[in-house]
Amino acid sequence: MRTDKNYFGVMLDMSRNGVMKVEAVKKFADIIASMGYNMIQLYTEDTFSVKNEPCFGYMRGGYTVDEIREIDSYCAEKGVELIPCIQTLAHLNCIFKWKEYEEINDVKDILLIGSERTYTLIENIFATVAESFTSRRINIGMDEAQMVGLGKYLEKNGYKNRFEILHYHLKRVLDIAGKYGFKPMMWSDMFFRLNSNGNYYSDSVEITDEMKKSVPKNVDLIYWDYYNSERRIYDNMIDGHKELCENVWFAGGAWTWAGFAPFNQFAQKNMLPAMQACREKGIKNIFITLWGDNGKECSFFSVLPTLYYIKKVYDGETDIEKIKQGFKALTGEEYDAFMALDLPNKICGNFDSGATNPCKYVFYADLFNNFTDSALPDGGDADYRKFKSILKKAGKNSEFKYIFDCLESLCDVLSCKYGLGMKIRNAYGKRDKSELRELTDRVGTVIKKVRKFYTAFKNLWFTENKACGFDVQDIRIGGLIQRLGSCRERLEKYLGGEIDLIEELETNYISEKEKYFLCINNWAYCVTANSL
């Protein structure tokens, strides 16, 4: 397998509970190959079977060796190289649920550097990957391990320079990679974070001698950036990376990881200067990440126009009308129809504030402990009613109608639930029982609409993903239905005189002075101020 060609690809996150079915990955490969992409990185933290490690990925629905081989072979037929994308330092929190791996947990989701059991695990991973994938490119991860060396490692060894710790571990991993014939790449952020108090992006990148010494010659660095819209950031970061590494990769983002709806517009806004910088500065290896943070609620197919847009921009085409026409000709899908999938987060003129995700935190907001409702501007309910109709029309003739159906149903829920908790609190505060009765009836309507959304979301999930991981959605959406019913029951008891008060609504409420939108993607933060 060649390791000297140039790549333009995607990374598919299979580690946030949603593991795509083999057939869904094949379909994705078909589409991106037609767009000119030639690589898929399969991001698997612990969602694949590993030889001699029966607890690794236990009950996570991961890929078997045979499944990866099937995907690998199919992708190769389409001119798409399937590259393993693993973790060899952090982002392995799920394995630490099992006693087998307790001894090699440094802190949080980080492996214990220096333990021989850590390197036995890593070697078993490489041995399995070598049997599963044809490619000898590999992404070894090592990102976002800011606490490395500050947990069990610190207890065992005392404080040590963390550049030295990272360098030691990286050398061990690269030795194992070399043993199996792999050419590794890794996320670059740890080299920058350890040098700048945890920061990664900067207008002025300072590359120290210590940083240079920490980057081995036999690993490529990946500069990842999904957040910035200023060209100068990309220019400076690319220049800084080139001081550290001869072969720099760039990883952008298509924004599939902040709730049920995609952020096509936001991704395109940020990736335009990114692709222009990469093109002008000679970055030849690029891939676009499709993460599934906090449960993979968003379909990866929902960002197809963004993937097409990014490739065209890198190739030098920026005329949006030509891009739209090309997308239609290639996929048979309407570009603007897919862009409408962004709408659940675009209420009240919220088009330019970045990746704020009211469609998730409004959906899960508690009716009595509704600490996010106070920040909501007026008018979102009317927008959701309008968006429901737009999405119904937009998805009518789409091959991906099930995605449109899901978000249409979500808008139907939110048209009724938007700000409902605050309305209940205000009516209760005024002791307006007439209004409370109307709002209590609305809670019943919301429950019915949530049940319909559950059916639509379940259809989306099982169309694209394996069954494992949907238990989390059952718990979340089922818990929402149960909690809505519980709140309705207590409202009815209050209205009927069976109870004198509703304790949560007696709390002195800290309301926001300004109306604005938030980005709260962690379900546990959305649903309650209490500990989960």
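Biologist: What should I know before I start?

Modeller: This is a predicted model, where local features need pLDDT of at least 70, side-chain atom pairs count only at pLDDT 80 or more, and totals for chains, interfaces and linings use all residues. Residues are numbered from 1 along each chain as its sequence is written, and side-chain values use heavy atoms, with hydrogens and water left out.

Biologist: How many helices and strands does the protein have?

Modeller: Helices (H or I, at least four residues) and strands (E, at least two) are DSSP runs, numbered from the N terminus. Here you get 19 helices and eight strands.

Biologist: And what is the radius of gyration of the protein?

Modeller: That value is taken over C-alpha atoms, and the globule rule to set beside it is 2.2 Å times the number of residues to the power 0.38. The protein comes out at 24 Å, close to the 24 Å that the rule gives for 532 residues, so it is as compact as a globular protein of that length. Along the principal axes, its C-alpha atoms fill a box of roughly 75 × 60 × 45 Å.

Biologist: What share of the residues is buried?

Modeller: Buried means under 20% relative accessible area, exposed over 50%, and partly exposed in between (1.4 Å probe, protein chains only). Buried residues are 59% of the 532.

Biologist: How do I read contacts?

Modeller: A contact means heavy atoms within 4.5 Å. Among contacts with a separation of 6 or more, 80% join residues 24 or more positions apart. Take leucine 42, in strand E2 (residues 39–43). Leucine 42 and leucine 82 are 40 residues apart in sequence, yet 7.0 Å apart in space, C-alpha to C-alpha. Leaving out residues up to four places away in sequence, leucine 42 touches Leu12, Met14, Tyr63, Leu82, Ile83, Pro84, Cys85 and Phe133.

Biologist: Is leucine 42 buried or exposed?

Modeller: Leucine 42 counts as buried because its relative accessibility is 0%. Not counting residues up to four places away in sequence, its contacts are Glu53, Glu100, Tyr101, Glu103 and Ile104. Of these, tyrosine 101 sits 16 residues away in sequence and 8.7 Å away in space, C-alpha to C-alpha.

Biologist: What about a nonpolar core?

Modeller: In soluble globular proteins, nonpolar side chains tend to be buried together. A nonpolar core is a set of buried Ala, Val, Leu, Ile, Met, Phe, Trp, Tyr and Cys residues joined through side-chain atoms within 4.5 Å. The largest one here has 191 residues, and Leu307 and Phe363 touch the most other members. Helix H17 (residues 433–464) gives the largest share of this core, eleven residues. Leucine 307 has contacts that include Val10, Phe28, Ile32 and Met35.

Biologist: How do I tell a pocket from a cavity?

Modeller: On a 1 Å grid over the protein atoms alone, a cavity is a set of points where a 1.4 Å probe fits but cannot get out, while a pocket is an open set with protein on both sides within 12 Å along at least five of seven lines; lining residues have an atom within 4 Å of a point. Grid points are joined across faces, edges and corners, and a volume is the space filled by probe spheres set on the points. The largest pocket has a volume of about 760 Å³. It is lined by 26 residues, with Asn17, Arg60, Asn93, Cys94 and Lys97 closest to its centre. Helix H18 gives the largest share of that lining, four residues.

Biologist: Which residues lie nearest the centre of the second largest pocket?

Modeller: Arg16, Tyr227, Trp257, Asp293 and Asn521, out of 19 lining residues. This pocket holds about 430 Å³ of space.

Biologist: Last one: how do I read phi?

Modeller: Most residues other than glycine have a negative phi, and most peptide bonds are trans. Histidine 91 has a positive phi, near 60 degrees, and lies in the loop between strand E3 (81–85) and helix H3 (116–132). Glutamate 144 also has a positive phi, near 50 degrees, in the loop between strand E4 (137–139) and helix H4 (152–157). Histidine 91 is buried, at 12% relative accessibility, whereas glutamate 144 is partly exposed, at 31%.
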